[in-house]
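Subject: Structure for you to look over

Hello,

Here is the structure I said I would pass on. Please open it alongside this message; my notes follow below.

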Amino acid sequence: MYSKYETVIGLEVHVELKTKTKIFCACSTEFGAEPNTQVCPICAGFPGMLPVLNKQAVDYAIKAGLALNSTIADYCKFDRKNYFYPDLPKAYQISQYDYPICLGGHLDVEVDGRKRRIGITRAHLEEDAGKLIHQGSITTSPFSLVDLNRAGVPLLEIVSEPDIRSAEEARIYLEKLRSVLLFAGVSDCKMQEGSLRCDANISMRLLGATEFGTRVEIKNLNSFRALERAIDYEAKRQVDALENGEKLVQETRTWDEEKQMTKSMRTKEEAEDYRYFPDPDLPPVRVAAEWIEKVKSAMPELPEEANQRLVNTYGLSEYDASVLTLTPEHLRFFDKCINLYSEPKVVANWIMGDLNRLLNNANIEINESKVSPESLTDLLLLIDQGVISGKMAKDVLEEMFDTGHNPEAIVKEKGMAQISDEETLLALIDEIVVNNSKVVEDYKEGKKKALGFFVGQVMKTTKGQANPAIVNKLLLDRLGRE
Amino acid sequence: MSAYKLTVNQLINKVNNKQLSPSEIVESILGRIEKVDGRIRAFITLTGDSARNQAKQAGNQTEAGVLKGIPYALKDNICTNAVRTTCASKMLEDFIPNYDARVAKKLKNAGGILIGKLNMDELAMGTSTELSAFFPTYNPWDLTRVPGGSSGGAAAAVAADEIPFALATDTGGSIRQPASYCGVVGLKPTYGRVSRWGVAALASSLDQVGVLAKNVEDAAIIMNIIAGQDSLDSTSADLPVPDYTSYLGTDIKGMKIGVPRQFFQKNVASEVKAKIDQALKKYEELGAIIEEVSLPHSEHALAAYYTIASAEASTNLARLDGMRYGINDLTAENIEDMYTNNRGLGLGPEVKRRTLFGTFILGSCNYETYYLQALKIRRLIQQDFEQVFQNFDLIISPTTPTTAFKIGSQVHELLDLYSNDMLTVPINMAGLPAISIPCGFIKGLPIGMQIIGKPFAEGSIIQAAYAFEQNTDYHTQKPVLGVK
C-alpha cells in the first residue's frame with residue numbers, strides 16, 4: 001500500500017555563519033565557552049540596547065546565496081518575530097520576513113544514479129536564540145538554566161521547495177548543501193555542535209496527484225541519520241493514517257531519538273501568531289551590484305567544479321569524486337596527496353576506505369586527524385617499495401591514526417618490515433619443505449592446496465612479515481625442483 | 001544670586017572665571033532640591049554623594065570639558081552606569097545598568113555632573129507623570145496641577161530651579177508638552193540627530209532624546225554636546241553637526257513662517273490661540289513673514305500615532321519579562337505563570353493597555369487594517385510637511401491645546417489624556433525637529449509655543465526661538481514656591 005503514495009518533502013535548514021562576532025553586537029561566537037561568558041547588554045536584551053548589523057554576516061549570506069544559485073536581493077530588511085521564551089532575551093527574534101536576502105536557487109543532487117534538481121525557495125538572515133539547559137529531561141528537570149552565548153549568533157535559514165521525494169534524497173540534499181556551504185567557507189556546518197540544523201516538512205499524496213497533502217513539520221533532527229529515520233517513520237505514520245481513513249492534522253512534531261518516533265508538539269490551531277513587523281531599529285539593507293561582484297570574485301572552488309576537476313584531471317569516477325568533495329578538507333587532503341604521490345585512484349581508495357572508516361569511528365574531520373597527506377603518501381611508498389604489504393599497511397595506518405607517528409617509525413618499532421631477502425626466505429622454505437615431505441608428495445600429485453599450506457607455514461614462521469610475492473616465487477621454484 | 005538660579009551659560013562663565021567652584025554649584029543645587037523637591041517630587045533617584053565627589057575632582061582639574069562642574073539630571077529612562085534606572089516602573093525598580101546611554105556618556109565626558117534621575121510616566125507612556133509607578137510630580141506653578149508628561153520630572157525640575165538642564169525623551173510630545181506646562185524650553189531634535197543607544201525604547205521609530213532647559217541658549221549649548229552620529233545606533237544620521245550656538249542672535253528678517261490652520265481647531269483653548277497670535281505678531285515685528293498653511297492629514301495623526309507607538313512599544317517592552325533583570329516570581333509553577341506574574345506585577349495599567357493594544361494591532365489578522373494603514377497616514381503627514389517646507393522655513397503652532405490640567409482630572413479619561421499630544425504628535429510622525437518655548441501665561445499658568453523646522457534644521461529653530469526670547473521675558477519668570 002505504501003507504493004501507491006509519494007512522499008513530498010521540503011527542508012528548512014539553519015546554518016550558523018562563521019563570523020567572529022555576533023550578528024548585532026561585538027560578542028564572540030566561539031563554540032564551547034563557559035555559559036554566559038559571551039554575552040553583553042545588547043544580546044541579553046537590556047533596556048535601551050540597539051542592534052547594529054554585522055556586515056560580515058551579510059557578506060556570508062551573499063556568498064551562500066551565490067553558491068546556491070540564488071538571486072541576491074538588492075533590497076532586504078529585518079523584521080521582528082515576537083514570542084516569549086527564556087532563551088530569547090528581547091522576546092523577539094530579529095529575522096527577515098517578506099524581504100529575504102536570497103531569492104530562489106537550486107542544488108543538483110544525484111540519487112541512485114539519477115540527477116535531481118532541488119529548488120531553493122529563499123534564504124534569510126536571522127539571529128540565533130540562546131540555549132536552555134536542563135537536569136536530565138526537560139519534563140522532569142526541577143529547573144531550567146539559560147545560556148545566552150549562542151543568542152545573536154548569525155543564522156542563515158535556507159528553505160527548499162517541496163521537491164524532495166524520499167528520506168535518502170533528503171539526506172543527500174542536506175549532505176550536498178553542507179558540502180556547498182563548507183566549500184563556500186560560510187559555516188562550519190557541524191550538526192553535533194548545532195551549527196547545522198534541519199527541520200523537515202513532510203506530506204503524502206497518491207502518485208500522480210498534483211495537490212499537496214496535509215503537511216507536518218518535524219523538528220529536532222540532529223543528524224543525517226535522524227533526518228532519514230524521521231522521514232521514513234513519518235511517511236509510514238501518515239500512510240497508515242490515510243489508509244485507516246483518518247484525517248491528518250497540520251502540526252509540528254518532534255523527533256524522539258530515544259524512541260525513534262515522531263511526537264506531536266502543537267497543531268496549527270495552537271501555533272503562535274508571531275506578529276512580524278519591520279524592526280524600526282534597523283534600516284533596510286541595500287546590496288549594490290558591486291558588493292555582489294566583489295563576493296563573487298572571491299568565491300572559492302565549489303564542490304561541483306572540484307568534482308569535475310577530479311573526474312577530468314585524475315580520471316576518478318563520479319562517485320569517488322563526489323565522496324572526495326564532501327568537505328573541502330577532504331579535497332584539500334586529496335590534492336596534497338596527489339602532489340606527493342602520482343596515483344590518484346590509489347590515494348582516493350585509501351582516503352575513502354580505511355581513512356574515512358577511522359575518521360567516522362572517531363567522529364572527527366579529516367583535518368583533525370593525526371594522519372597527514374605526507375604520512376599517508378609515505379605509507380603508500382612503503383608498499384610500493386615492498387617494505388610492507390598492503391595488508392600490513394592497514395595496521396600501520398591505524399597506528400598512525402592513533403599515535404601520529406610516521407609510517408617508517410611504526411614499521412621499524414613494531415618490527416613489521418617485510419622480509420624480502422631471498423636467502424633468508426630460502427633457508428626457511430628449505431626447512432619447511434624438508435619437514436613436510438608428505439605435503440610435497442601431495443603437491444606433486446597436483447593438489448594445488450598444498451602450495452597454500454607452504455605459504456601459510458612461511459607466513460606463520462615469519463609472523464606474516466614475509467613478502468608474499470617473493471615467497472610464492474621461491475616456493476614454486478623450490479617445489480618444482482623436488 | 002544663588003548658583004541654582006543660574007542658566008547653563010551663566011554657570012559655565014562663572015566656573016571659567018573661578019567665581020564659582022563645581023562644589024559650590026553642586027551644593028547649591030542639592031540644597032535647592034532638598035528644599036523644594038518634597039513638594040515637586042521631580043527626582044526618583046538622587047546621586048548627591050557621587051556628584052559631590054565628582055565636583056571635588058572637577059575643581060582640581062585645570063582642563064575639562066565645556067560642562068565642567070555643571071549639574072544635570074536625566075529622565076529615568078536614560079540608562080546610567082551604576083545608577084538605578086527605573087523608567088518609573090515597578091518592573092525596573094531595582095535595575096542598575098552597567099552601561100551609560102550614549103547621551104549620558106557625552107555629558108559625563110563634557111564634565112557635567114549627574115545629580116539624579118527624574119520622574120516620568122511609567123516607561124514614558126503618559127502626558128501627566130501621574131502614571132509613574134512611584135509617585136506623581138507636581139507642577140511648580142500650581143502644585144495641584146500636573147507638570148505634563150511623560151518627562152514631567154524633567155520639566156518641573158528645570159522650572160523649579162532644581163537643575164539647570166535635563167535630558168529627556170520625546171516620542172509624541174513628551175519633552176514639549178511638559179515644557180509648555182512648566183514654562184521652560186523643550187527641544188526635540190530631528191529623528192536620528194541624537195543617539196538613542198542606552199535609552200529605554202518606547203517606540204523606536206518615534207523616540208528621540210532632547211533637552212529641557214531654562215532658555216534657548218542653554219538648549220543650543222547642550223545640543224552641541226549630544227548631537228551627532230553614533231555607530232551603535234543604526235538609525236542615527238550620518239550628517240555633520242553645526243555649532244548650534246552660532247544661530248543665536250542672528251537676524252530672522254525675511255524668515256517665512258507657516259501657521260497650520262489645523263493646529264488651531266476648536267479643541268485648542270481660545271486663550272492659547274490668543275497667546276500664539278500675540279507671539280506671531282512679535283515675529284512679524286521682527287521681520288518674519290507669517291502665512292497660514294495647511295497640514296490636512298494631521299487630524300489623523302493622533303490615531304495613527306497611538307497605533308504605531310503601541311505596536312512598537314508592545315514588542316520593545318516584551319523584554320521586560322523578569323528573566324534577566326526586573327521582577328521575577330520564582331515561586332511560579334511554570335513558565336507561563338512566571339511570565340504572567342512578572343509582567344502582571346511589574347507593569348502598570350497604561351503599559352498593559354498599550355501592550356495589549358499593540359499586540360492586537362500586530363496580529364496577523366489586524367496588521368493590514370491598522371498598522372499598515374497607520375504607516376500610510378504617517379507617510380501622508382510627512383508629505384504635508386514636505387510640501388509646506390518647500391515654501392516655508394518654519395512652522396509655528398501652540399504646543400498644547402491648554403495649560404496644565406488638575407491632578408486626577410484626566411486619569412480616567414483616556415482620550416482626553418491622549419489628546420494632550422495632538423499638536424506634538426504629528427511632528428514625531430514626520431520625524432521633524434521642534435521646540436517649545438514659553439510664550440505667555442494664562443491665569444498664572446505658563447503656555448508654550450511650538451516651532452517646527454525642516455529635518456536637521458535645529459539651527460533655524462534655535463535662531464527663531466532665540467529671537468523671540470530676546471524680545472520677551474516669559475522665560476525669566478519663575479514660579480513662586482513659597483520658599484522662605
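A residue is called buried here if 20 or more other C-beta atoms lie within 10 Å of its own, exposed if 12 or fewer, and partly exposed in between. By that rule helix H9 of chain B is mostly covered, with 14 of its 16 residues buried. Please keep in mind throughout that this is a predicted model.

Chain A overall

Chain A has 482 residues, of which 40% are buried. Its secondary structure amounts to 15 helices and 17 strands. The radius of gyration of chain A is 29 Å, whereas a compact globule of 482 residues would have one near 23 Å. The C-alpha trace of chain A spans about 95 × 55 × 50 Å along its principal axes. Of the contacts in chain A between residues at least 6 apart in sequence, 69% join residues at least 24 apart.

The contact between the chains

Chain B brings 32 residues to the contact and chain A brings 24 residues. On the side of chain B that touches chain A, at least two residues each come from helix H9 (301-316), helix H10 (335-346) and helix H11 (349-362). H9(B) gives the most to that side, with three residues. Sorted by class, the side of chain B that touches chain A holds 16 nonpolar, 10 polar and six charged residues. As for the geometry of H9(B), its 16 residues reach 21 Å from first C-alpha to last, close to the 22 Å expected at 1.5 Å a residue.

Strands in chain B

Which strands does E11 of chain B pair with, and in what sense? Strand E9 (residues 394-398) of chain B is joined to E11(B) by five bridges and the two run antiparallel; within this pair, B:Ile395 stands opposite B:Ile452. Strand E10 (residues 434-442) of chain B also pairs with E11(B) in the antiparallel sense, over seven bridges, and B:Pro438 has B:Gly448 as its bridge partner in E11(B). E10(B) and E11(B) form a hairpin with two residues between them, and B:Lys443 in the turn has a positive phi of about 50°.

Strand E11 (residues 445-453) of chain B is mostly covered: nine of its nine residues are buried. In a regular strand the side chains alternate between the two faces of the sheet. On one side of E11(B) the buried residues are B:Leu445, B:Ile447, B:Met449, B:Ile451 and B:Gly453, and on the other they are B:Pro446, B:Gly448, B:Gln450 and B:Ile452, so both faces are covered.

Elsewhere in chain B, strand E7 (residues 256-260) and strand E8 (residues 289-293) pair in the parallel sense over five bridges. The bridge partner of B:Gly258 in E8(B) is B:Glu291.

A sheet in chain A

Three strands of chain A form an open sheet in the order E5-E4-E16, with antiparallel pairing. Strand E5 (92-95) and strand E16 (277-278) of chain A are the edge strands, each pairing on one side only. Strand E4 (residues 79-82) of chain A pairs with E5(A) over four bridges in the antiparallel sense, and A:Asp79 has A:Ser95 as its bridge partner in E5(A).

Backbone points to check

Most residues other than glycine have a negative phi, and most peptide bonds are trans. The following places depart from that.

- A:Asn69, not a glycine, has a positive phi of about 60°. A:Asn69 sits in the loop between helix H1 (55-67) and strand E2 (71-72) of chain A. A:Asn69 counts as partly exposed because it has 16 C-beta neighbours inside 10 Å.
- A:Gln260 has a positive phi near 55° and is a residue other than glycine. A:Gln260 lies in the loop between strand E14 (251-256) and strand E15 (261-267) of chain A. With 12 other C-beta atoms within 10 Å, A:Gln260 is exposed.
- The peptide bond from B:Gly149 to B:Ser150 is cis, and its omega is near 5°. B:Ser150 belongs to the loop between strand E3 (113-118) and helix H5 (152-159) of chain B.

Regards

Definitions and conventions
Residues numbered from 1 in each chain as written. Chains lettered and ligands numbered in written order. Predicted model: local features only at pLDDT ≥ 70, side-chain atom pairs only at ≥ 80, totals over all residues. Rg over C-alpha atoms; globule rule 2.2 N^0.38 Å. Contact = placed C-beta atoms within 7 Å. Nonpolar A, V, L, I, M, F, W, Y, C, P; charged D, E, K, R; others polar. Expected span 1.5 Å × (residues − 1). Pairing = 2+ DSSP bridges.
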